[in-house]
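Dear colleague,

I am passing on the structure below, and after it come my notes on what was found. Please read them with the model open beside you.

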Amino acid sequence: VQLVESGGGSVQAGGSLRLSCAASIYTSSSYCMGWFRQAPGKEREGVASIDSTGSISYANSVKGRFTISKDVAQNTLYLQMNNLKPEDTAMYYCAADRGIYCSRHFAYWGQGTQVTVSS
């Protein structure tokens with residue numbers, strides 16, 4: 001399984017970015033897919049996930065600002081990030097794991113894409 005993220009960059013607070021994750025798996029199949037982030041000196045945290053039924057979960061810190069979605073025809077996972085804040089600055093990773101529903105375990109990871117939000 002290969003996951004390749006893109007779309008990171010530098011924006012000012014209040015701006016938007018859309019991250020993409022091209023997957024070598026069928027996103028319509030039984031995989032949980034998610035976005036994680038890790039800021040320097042901090043632990044990695046889950047941002048959003050979507051399971052094979054379409055059920056979505058968000059971290060409280062991004063609810064109402066971030067939207068996770070997947071394009072099954074393109075086998076691509078997206079993370080639309082609006083109203084970005086400096087505290088959203090981190091390396092963002094796409095992850096996937098086999099299974100109908102999401103768990104805490106993700107077996108497959110992308111290389112990450114950097115998001116930097118300036119105040």
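The 13 residues that line the largest pocket divide into 8 nonpolar, 4 polar and 1 charged, where Ala, Val, Leu, Ile, Met, Phe, Trp, Tyr, Cys and Pro count as nonpolar, Asp, Glu, Lys and Arg as charged, and the others, Gly among them, as polar. Before going further, please keep in mind that this is a predicted model, in which local features need pLDDT of at least 70 and side-chain atom pairs count only at pLDDT 80 or more, while totals for chains, interfaces and linings use all residues. Residues are numbered from 1 along each chain as its sequence is written, and side-chain values use heavy atoms, with hydrogens and water left out.

The pocket

The space in this largest pocket comes to about 240 Å³. The residues closest to its centre are Phe-36, Gly-46, Ser-49, Ser-103 and Phe-106, and the elements that give two or more residues to the lining are β4 (31-38), β5 (45-50) and β6 (56-58). Of the elements, β5 gives the most to this lining, with 4 residues. As to terms, a pocket is an open set of points on a 1 Å grid over the protein atoms alone, where a 1.4 Å probe fits, with protein on both sides within 12 Å along at least five of seven lines, and a lining residue has an atom within 4 Å of a point. Grid points are joined across faces, edges and corners, and the volume is the space filled by probe spheres set on the points. Strands are DSSP runs of E with at least two residues, numbered from the N terminus.

The disulfides

The structure holds 2 disulfides, a disulfide being a pair of cysteine sulfur atoms within 2.5 Å. One of them joins Cys-21 to Cys-94, with an S to S distance of 2.1 Å, and it links distant parts of the chain, since Cys-21 sits in strand β3 (residues 17-23) and Cys-94 in strand β9 (residues 90-98), 73 residues apart. The torsion about the S-S bond of Cys-21 and Cys-94 is about -75 degrees, so this disulfide is left-handed. Both Cys-21 and Cys-94 are buried, which here means under 20% relative accessible area, with exposed meaning over 50% and partly exposed in between (1.4 Å probe, protein chains only).

Cys-32 and Cys-102 form a disulfide as well, their sulfur atoms 1.9 Å apart, and with 100 degrees about the S-S bond this link is right-handed. It too connects distant parts of the chain, with Cys-32 in strand β4 and Cys-102 in the loop between β9 and β10 (108-109), 70 residues apart. Cys-32 counts as buried because its relative accessibility is 1%, whereas Cys-102, with a relative accessible area of 29%, is partly exposed. When the bonded cysteines of the chain are numbered in sequence order, the pairing is 1-3, 2-4.

The salt bridges

Side chains of opposite charge can pair when their charged atoms come close. The structure holds 3 salt bridges, each being a side-chain nitrogen of Lys or Arg within 4 Å of a carboxyl oxygen of Asp or Glu, and Arg-37, Glu-45, Arg-65 and Asp-88 are linked in a network of them. Arg-37 pairs with Glu-45, the closest N and O atoms being 2.6 Å apart; Arg-37 is buried at 6% relative accessible area, and Glu-45 is partly exposed at 32%.

Asp-88, buried with a relative accessible area of 1%, forms a salt bridge with Arg-37, where the closest N and O atoms are 2.9 Å apart. Asp-88 also forms a salt bridge with Arg-65, at 2.7 Å between the closest N and O atoms; Asp-88 lies in the loop between β8 and β9 and Arg-65 in the loop between β6 and β7 (66-71), so the pair ties together parts that are 23 residues apart in sequence. Arg-65 is buried, with a relative accessible area of 8%.

The core

The largest nonpolar core has 28 residues, of which Met-33, Trp-35, Leu-79, Met-81 and Tyr-92 touch the most other members. Strands β3, β4, β5, β7, β8, β9 and β11 (113-118) each supply at least two residues of this core, which is defined as a set of buried Ala, Val, Leu, Ile, Met, Phe, Trp, Tyr and Cys residues joined through side-chain atoms within 4.5 Å.

With best regards
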